[in-house]
Amino acid sequence: MAQSSSPISAVAERYAGSLFELALQDNSVAKVEADLTSFEALLNGSDDLSRLINSPVFSSEDQARAIAAIADKAKITGLVGNFLRVVAKNRRLFAVPGMIKAFRQIAADHRGEASAEVTSAHALTAAQQTELKATLKGIAGKDVAIAMTVDPSLLGGLIVKMGSRQIDTSLKTKLNSLKLALKEVG
């Protein structure tokens, strides 16, 4: 099991570790990672799905049926499809975002990479992502796998989380700092 420096819940890390071991045995780590990314995109894009996994109101049977239908429709099959069904039956869907994060960390560690979460105001081009990876490689000393998210509220710039470090160059943060400085002066 991977030792991660980020605060990932023990439940999420155990499930992610088990999924990683199965993926490694099946020689399908890349496919599992891609399927988890697909599910994460569905989760981030749907308030209803988010409500389903976080709400204790739904029974485990309801959650399992809904997750099975969503996985089938999104063509998430194999290990990840079965994994999501097991997680739903065990009433651990609330931890799926942490499981995805933990799986990425474990997979990156296995490949000898560092992993970074990058939030930007706008989607980055392939060239920008390549340049960012090169810059982060210089900082980390090894290849860096990045997980991209877009948050228009940042206005501009990036927030990069790598291990226990966070680099925030977003305009939102800079404007908030300026606002606080102005309040102290006036």
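Helices, of at least four residues, and strands, of at least two, are DSSP runs numbered from the N terminus. The exercises below use a predicted model.

**Exercise 1. Describe the overall make-up of the protein chain: how many helices and strands are there, and which pattern do they follow along the sequence?**

Solution.
- Step 1: the protein chain has eight helices and four strands.
- Step 2: in sequence order, these elements run α-α-α-α-α-α-β-α-β-β-β-α.
- Step 3: along the principal axes, the C-alpha atoms occupy a box of roughly 55 × 40 × 30 Å.
- Step 4: of the chain's 186 residues, 38% count as buried.
- Step 5: among contacts with a separation of 6 or more, 66% are between residues 24 or more positions apart.

**Exercise 2. Classify the packing of H2 and H5, and state which residues make the contact.**

Solution.
- Step 1: two packed helices are described by the angle between their axes and the distance between the axes.
- Step 2: for H2 (residues 29-45) and H5 (residues 78-89), the angle is about 50° and the axes are 8 Å apart.
- Step 3: angles under 35 degrees count as roughly parallel, and 65 to 115 as roughly perpendicular. H2 and H5 are therefore oblique to each other.
- Step 4: the crossing of H2 past H5 is right-handed.
- Step 5: H2 contributes Val32, Asp35, Leu36 and Phe39 to the contact, while H5 contributes Leu79, Val80 and Leu84.
- Step 6: sorted by class, the residues of this contact are six nonpolar, no polar and one charged.

**Exercise 3. Characterise Glu33: is the residue buried or exposed, and what does its side chain meet in a polar contact?**

Solution.
- Step 1: Glu33 is a residue of helix H2.
- Step 2: its relative accessible area is 16%. Buried means under 20%, so Glu33 is buried.
- Step 3: the side chain of Glu33 is joined to that of Arg111 by a polar contact of 2.9 Å.
- Step 4: with neighbours within four places in sequence set aside, Glu33 is in contact with Phe103, Arg104, Ala107 and Arg111.

**Exercise 4. Locate Arg91 and Leu155, and give the phi value of each.**

Solution.
- Step 1: Arg91 sits in the loop between H5 and helix H6 (96-111).
- Step 2: phi of Arg91 is near 55°, a positive value in a residue other than glycine.
- Step 3: with a relative accessible area of 31%, Arg91 is partly exposed.
- Step 4: Leu155 belongs to the loop between strand E2 (144-150) and strand E3 (158-162).
- Step 5: Leu155, again a residue other than glycine, has a positive phi near 70°.

How values were computed. Residues numbered from 1 in each chain as written. Predicted model: local features only at pLDDT ≥ 70, side-chain atom pairs only at ≥ 80, totals over all residues. Heavy atoms only, no water. Axes fitted to C-alpha atoms, helices over the stretch in contact; angles between N-to-C directions. Parallel < 35°, antiparallel > 145°, perpendicular 65-115°, else oblique. Left-handed = near helix turned anticlockwise from the far one by under 90°. Contact = heavy atoms within 4.5 Å. Nonpolar A, V, L, I, M, F, W, Y, C, P; charged D, E, K, R; others polar. Buried < 20%, exposed > 50% of the residue type's maximum accessible area, 1.4 Å probe, protein only. Polar contact = N/O pair within 3.5 Å; in protein donor to acceptor, adjacent residues only side chain to side chain.
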